[in-house]
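User: Hi! I am new to reading protein structures, and I would like to go through this one step by step. Could you help me?

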Amino acid sequence: MGNRAKSRKYRHSDLVNRERATIEGVTELFREAAGKHPDRSGIAFVCIGTDCSTGDSFGPWVGTMLTEAGFDHIIGTLEHPCDADRYEERTAAIPKELTIVAIDACLGKKDQTPSYMIARGPLYPAHAVGKRLTPIGDYSIAGIVAPTSVKPYWAIQHASLFEVVGMARAVADVIVQAWK
């Protein structure tokens, strides 16, 4: 089996059931998570991405907003991103007893209404751009910030900042409400 087939096999070995959702589905996911883990000091939010790319700033925007709301365990903000270069180091430092919520951007079918991919399980960071970072999260959400493209770096770089910030604000507000 060649490298290309191995790569394809690796990408499709994800056994987590993901569903496309609007902000209402995100709300349901976080209400469930908060019901099972009501003490927000026992939650780590891993907000993956970089401030150097419009679409990929979705995670750091959420992380910044949660930090401003007073949440304790935030990995990845606009000031201190959890990007591909720092990902392994930053996530290795998370205490094992914390429940992890992973937040990242992704590419997918764009609709008029902002959409997200949600799961009760890990996400695979940097998947759209062909990187293989360690999966992370007991719960995960990926904001669909741009359409899938044969040029994923270009697509994520040219996402609308207005839409990305709006999606990040909606997710941060839902999280704040869930753990109020």
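This is a predicted model: local features need pLDDT of at least 70, side-chain atom pairs count only at pLDDT 80 or more; totals for chains, interfaces and linings use all residues.

User: Is alanine 84 buried, partly exposed or exposed?
Analyst: Buried means under 20% relative accessible area, exposed over 50%, and partly exposed in between, using a 1.4 Å probe and protein chains only. Alanine 84 has 32% relative accessibility, so it counts as partly exposed.

User: And where is serine 57, in terms of helices and strands?
Analyst: Helices (H or I, at least four residues) and strands (E, at least two) are DSSP runs, numbered from the N terminus. Serine 57 falls between two of these elements, in the loop between β2 (43-47) and α3 (58-68).

User: Is serine 57 buried or exposed?
Analyst: Beyond four places in sequence, serine 57 is in contact with Thr50, Asp51, Leu78, Leu161 and Val164. Its relative accessibility is 3%, so serine 57 counts as buried.

User: Which residues have the most contacts inside the largest nonpolar core?
Analyst: A nonpolar core is a set of buried Ala, Val, Leu, Ile, Met, Phe, Trp, Tyr and Cys residues joined through side-chain atoms within 4.5 Å. The largest one here has 34 residues. Those with the most contacts inside it are Phe45, Phe58 and Ile175.

User: Which element gives the most to this core?
Analyst: Elements giving two or more residues include β2, α3 and α6 (161-178). With seven residues, the one that gives the most is α6.

User: Are α3 and α6 parallel, perpendicular or oblique?
Analyst: Axes are lines fitted to C-alpha atoms, for helices over the stretch in contact, and angles run from 0 to 180 degrees between N-to-C directions. The axes of α3 and α6 come within 9 Å and cross at roughly 45 degrees. Angles under 35 degrees count as roughly parallel, over 145 as roughly antiparallel, 65 to 115 as roughly perpendicular and the rest as oblique. Therefore α3 and α6 are oblique.

Conventions
Residues are numbered from 1 along each chain as its sequence is written. Side-chain values use heavy atoms; hydrogens and water are left out. Contact means heavy atoms within 4.5 Å.
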